[in-house]
Amino acid sequence: FVLAYDKRIITQALVKKYGEYVSTYLEKIVQVDFPVPAILEEDISEMFFHELDDFLNEHEIPFSSSNLKNAWSYHGLKMYFQTIRQIKRYINSLHFHLPDIYPEINVLDYLLLEGIRIFDPMGYRKIYTDAETVGTRRVSQGYSKGSNDMKEFQNEATQLILAYLSKKSVHFQYHYDTDKGLFDGRFFERYFTMQVPKLDVSEQEIADFRNGVSNKKYYSRGL
């Protein structure tokens with residue numbers, strides 16, 4: 001028969017009982033050992049972007065996954081993903097909120113923040129509580145690389161992602177009408193509540209107005 005198991009985990013579980021003889025004990029049960037090679041980093045990357053493309057196409061979200069590759073390769077995102085299960089978990093979580101909220105936020109920022117939410121929940125909560133404590137200054141400035149505030153995050157991938165998002169927010173600070181970034185106070189709350197505040201106007205309503213849709217509806221009702 002075929003037995004699939006994690007040898008490291010089984011050995012740790014049996015070592016208390018069999019001590020140095022644990023390997024001999026396992027050899028009596030498993031005569032032929034065939035270790036399954038670990039999945040390669042490039043295979044993880046290929047699968048991640050394939051799954052992400054399928055998701056974006058399914059929901060017709062106007063975002064190119066190639067825009068995420070810089071953050072994946074150089075700014076920490078790939079550090080969250082070592083197994084296929086982690087990829088599936090991440091992609092499945094996107095189905096719950098992103099299709100409804102994507103017009104109201106920056107999709108790139110959301111994808112990065114979602115990685116933090118899933119794989120570093122303590123860091124995710126800290127981002128939100130920091131904004132409540134420091135207020136608009138934290139939202140507008142983000143986190144500086146190497147700062148004491150940044151060092152309070154325990155996860156290295158989270159630190160790299162936050163540094164990337166913070167630098168990005170400074171670059172786009174004069175273009176936030178279109179960027180809708182995480183560290184713009186006008187949009188920050190949307191990333192955590194997954195909705196547009198009641199007293200705010202949605203980006204879709206603004207776009208409709210600019211395109212004349214709202215005016216046409218208004219005049220048609222008047223006639």
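Helix H3 has 18 residues, which at 1.5 Å a residue should span 26 Å; its end C-alpha atoms are 26 Å apart, in agreement. The expected span is 1.5 Å times one less than the number of residues in the helix. Helices here are DSSP runs (H or I, at least four residues), numbered from the N terminus. The model is predicted: local features need pLDDT of at least 70, side-chain atom pairs count only at pLDDT 80 or more, and totals for chains, interfaces and linings use all residues. Residues are numbered from 1 along each chain as its sequence is written, and side-chain values use heavy atoms, with hydrogens and water left out.

The buried residues of H3 are Ile-44, Met-47, Phe-48, Phe-49, Glu-51, Leu-52, Phe-55 and Leu-56. Buried means under 20% relative accessible area, exposed over 50%, and partly exposed in between (1.4 Å probe, protein chains only). These buried residues pack against helix H4 (69-74), helix H5 (84-101) and H6. Contact means heavy atoms within 4.5 Å. Glu-60 follows H3 and has a positive phi, near 55°.

The structure holds 8 salt bridges. A salt bridge is a side-chain nitrogen of Lys or Arg within 4 Å of a carboxyl oxygen of Asp or Glu. One of them joins the side chains of Lys-7 and Asp-33 (3.5 Å, N to O). This pair links distant parts of the chain, 26 residues apart. Lys-7 lies in helix H1 (residues 7-18), and Asp-33 in the loop between helix H2 (22-29) and helix H3 (41-58). Lys-7 is partly exposed, with a relative accessible area of 44%. Asp-33 is also partly exposed, at 40%.

An α-helix has 3.6 residues a turn, so residues three or four places apart point the same way. Arg-117 is partly exposed at 29% relative accessible area, whereas Glu-114 is buried at 2%.

Glu-152 forms a salt bridge with Lys-126, with the closest N and O atoms 2.6 Å apart. This pair, too, links distant parts of the chain, 26 residues apart. Glu-152 sits in the loop between helix H9 (148-151) and helix H10 (156-171), and Lys-126 in helix H7 (residues 121-134). Glu-152 is partly exposed, with a relative accessible area of 45%. Lys-126 counts as buried, at 16%. Salt bridges that share partners join Lys-126, Asp-130 and Glu-152 into one network.

Note on methods
Helix = DSSP H or I, 4+ residues; strand = E, 2+ residues; numbered from the N terminus.
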